[in-house]
Amino acid sequence: MDERTYAAEAAPGEEVTVAGWVHELRDLGGIAFLILRDTSGRIQVKFEKEAMADDLVETGLGAHRESVVAVTGAVEAEERAPTGVEVVPESVEVLAPADTELPLDPSGKVEAELSTRLDNRTLDLRRAEGQAVFEVRAEVLRAVRAAFRAHDATEINTPKIVATGTEGGTELFPITYFGREAFMNQSPQLFKQLVAGSNVERVFEIGPIFRAEEHNTPRHLNEATSIDFEGAFCDHHDAMDVCEAVVVAAYEAVAENCRDQLEALDLAEEFEPPEPPFPRFTYEDAIDRVNATGALDEQLVWGDDLPTEGERALGRDVGGHYFVTDWPAEIKPFYIMDHDDDPDLSTGFDLMHPRMELVSGGQREHRRERLIEGFERQGLEPEAFEYYTEMFRYGMPPHAGWGLGGERLLMTMLELDNIREAVLFPRDRQRLSP
Ligand code: AMO
């Protein structure tokens with residue numbers, strides 16, 4: 001639009017055109033107010049019925065809530081107005097009327113169920129809280145990219161339609177690819193390794209991963225955003241260092257650049273970036289600590305995965321982010337390297353937030369023969385992965401990396417109850433549209 005002024009920028013003495021949604025109408029009799037909302041904020045438009053043309057008053061006050069209007073008029077200082085200024089309209093144009101019945105209340109005064117909000121995302125994102133989450137999400141992704149660049153990593157994009165899965169067969173979404181069986185990719189795992197083995201050395205990717213998860217829980221999605229890193233000449237300690245730096249950078253950027261959003265989410269007071277270095281416990285220490293909390297009915301023994309209740313108990317005990325290292329080899333995937341001096345122990349690690357797992361990673365097995373043995377141990381056919389294992393014949397350096405769930409990072413950062421709050425259009429077992 002020509003010469004449109006944002007609500008927050010309209011200054012007394014100016015003649016402006018503001019455009020946005022009718023947030024509220026207040027008719028006090030002789031005088032009435034229309035509160036107009038745009039991306040920058042809100043502004044009051046004043047209608048003095050006696051002093052203004054009837055059709056102007058009718059158009060302005062006849063526009064239902066959430067209709068889109070353009071108002072041209074003079075801006076005047078008015079200390080009783082919500083933002084200290086108001087527009088005295090000369091013309092009002094309804095650009096897009098809204099139905100009188102709204103499926104949810106964008107002012108947020110009447111709470112709506114999450115499913116109603118997700119079905120009507122456009123309206124939902126007109127609420128300050130909804131919008132704040134996605135502004136923070138954008139800032140997190142910006143900061144993460146900058147942190148990776150500062151660690152010499154190059155952004156890559158790898159295929160999402162693939163011939164083989166990497167993270168367990170039951171979680172694969174099959175598709176038909178010109179008559180052949182194919183899958184939606186569960187992780188950029190093999191591709192990021194293949195690029196780290198080139199001269200590029202350090203890479204990162206921010207992209208979708210697809211998991212046909214059976215769980216329909218507040219922290220699982222069927223399409224999630226994975227933030228992945230892979231670095232040549234890195235071991236698992238180096239990978240954890242980069243992971244810690246990226247997570248801290250995301251929090252610091254939000255603390256610095258998202259004050260208004262934190263305010264809208266009621267987090268401004270308590271929001272604090274986590275303090276590095278994050279403690280690093282071995283798996284063995286972790287299960288001992290969980291057992292010592294007494295939170296589980298049955299004591300964990302070596303080789304058990306950490307159950308959700310155990311993760312929570314340990315999270316309460318530690319009280320901040322922490323790594324769990326040196327997992328049993330048998331519960332980590334084939335591409336994770338085991339310790340040479342103890343093959344039952346892997347270099348795999350997880351980064352935990354007190355509420356849940358955020359990251360898995362590890363040093364990778366770069367020795368071809370051992371990698372192929374790993375496939376066989378995991379019941380996978382090495383032939384299906386030849387595109388990957390072949391490259392290990394031609395100088396694959398030692399390397400390590402990790403994958404961070406983008407929505408889980410946001411969910412824990414912003415204390416969201418449900419991971420779906422951190423995705424615009426979530427995919428779960430019930431939800432395929434919008
Ligand atoms: P993993 O399978 O543990 O590891 O996934 C890494 C991280 O991705 C997030 N995540 C999910 N978030 C929401 N819903 C899901 N269904 C979901 N699945 C995973 C979690 C998890 O910690 N290739 C390895 C990573 C690596 O070693 O580099 C991998 O994919 O936050």
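**Figure 1. The second largest pocket of the predicted model, to which helix H4 gives the largest share of the lining, five residues.** The structure shown here and in the other views is a predicted model. About 660 Å³ of space lies in this second largest pocket. Its lining has 26 residues, and those nearest the centre are Asp 38, Thr 39, Gly 41, Ala 128 and Gln 131. Besides H4, the elements that give two or more residues to this lining are strand E1 (15-27), strand E2 (31-38), strand E3 (41-48) and helix H7 (259-264). By class, the lining of the second largest pocket holds seven nonpolar, nine polar and 10 charged residues.

**Figure 2. The largest cavity, with a volume of about 50 Å³.** One cavity of 30 Å³ or more is found when the whole structure is searched. Arg 137, Val 140, Leu 141, Thr 225, Ile 227, Gly 406, Leu 409 and Leu 410 line the largest cavity. Two or more lining residues come from each of helix H4 (128-150), strand E11 (223-232) and helix H12 (406-413). Five of the lining residues are nonpolar, two are polar and one is charged.

**Figure 3. The largest pocket, with a volume of about 1,300 Å³.** Its lining is made of 47 residues, of which Glu 171, Arg 211, Glu 213, Glu 357 and Ser 360 are the closest to the centre. At least two lining residues each come from helix H5 (189-196), E11, helix H9 (308-318), E16, E17, E18 and H12. Strand E17 gives the most to this lining, with five residues. Sorted by class, the lining of the largest pocket has 15 nonpolar, 17 polar and 15 charged residues.

**Figure 4. An open sheet of eight strands with mixed pairing.** The strands follow the order E6-E10-E11-E18-E17-E16-E13-E12. Strand E6 (154-155) and strand E12 (280-282) are the edge strands, each pairing on one side only.

Figure 5. With strand E16 (residues 349-353), E17 pairs in the antiparallel sense over five bridges. The two strands form a hairpin with two residues between them. Phe 349 stands opposite Gly 361 in E17. Strand E18 (residues 399-405) also pairs with E17 in the antiparallel sense, over five bridges. There the bridge partner of Val 359 is Leu 404 in E18. In a regular strand, side chains alternate between the two faces of the sheet.

**Figure 6. Glu 365, in the loop between E17 and helix H10 (368-377).** Is Glu 365 buried or exposed? Its relative accessible area is 5%, and buried means under 20%, so Glu 365 is buried. The side chain of Glu 365 makes a polar contact with the side chain of Arg 367, at 2.7 Å. Leaving out residues up to four places away in sequence, Glu 365 touches Tyr 335, Ile 336, Met 337, Arg 370, Leu 371 and Phe 392.

Definitions and conventions:
Residues numbered from 1 in each chain as written. Predicted model: local features only at pLDDT ≥ 70, side-chain atom pairs only at ≥ 80, totals over all residues. Heavy atoms only, no water. 1 Å grid on protein atoms, 1.4 Å probe; cavity = no way out; pocket = protein on both sides within 12 Å on 5 of 7 lines; lining within 4 Å. Points joined across faces, edges and corners; volume = space filled by probe spheres on them. Helix = DSSP H or I, 4+ residues; strand = E, 2+ residues; numbered from the N terminus. Nonpolar A, V, L, I, M, F, W, Y, C, P; charged D, E, K, R; others polar. Pairing = 2+ DSSP bridges. Buried < 20%, exposed > 50% of the residue type's maximum accessible area, 1.4 Å probe, protein only. Polar contact = N/O pair within 3.5 Å; in protein donor to acceptor, adjacent residues only side chain to side chain. Contact = heavy atoms within 4.5 Å.
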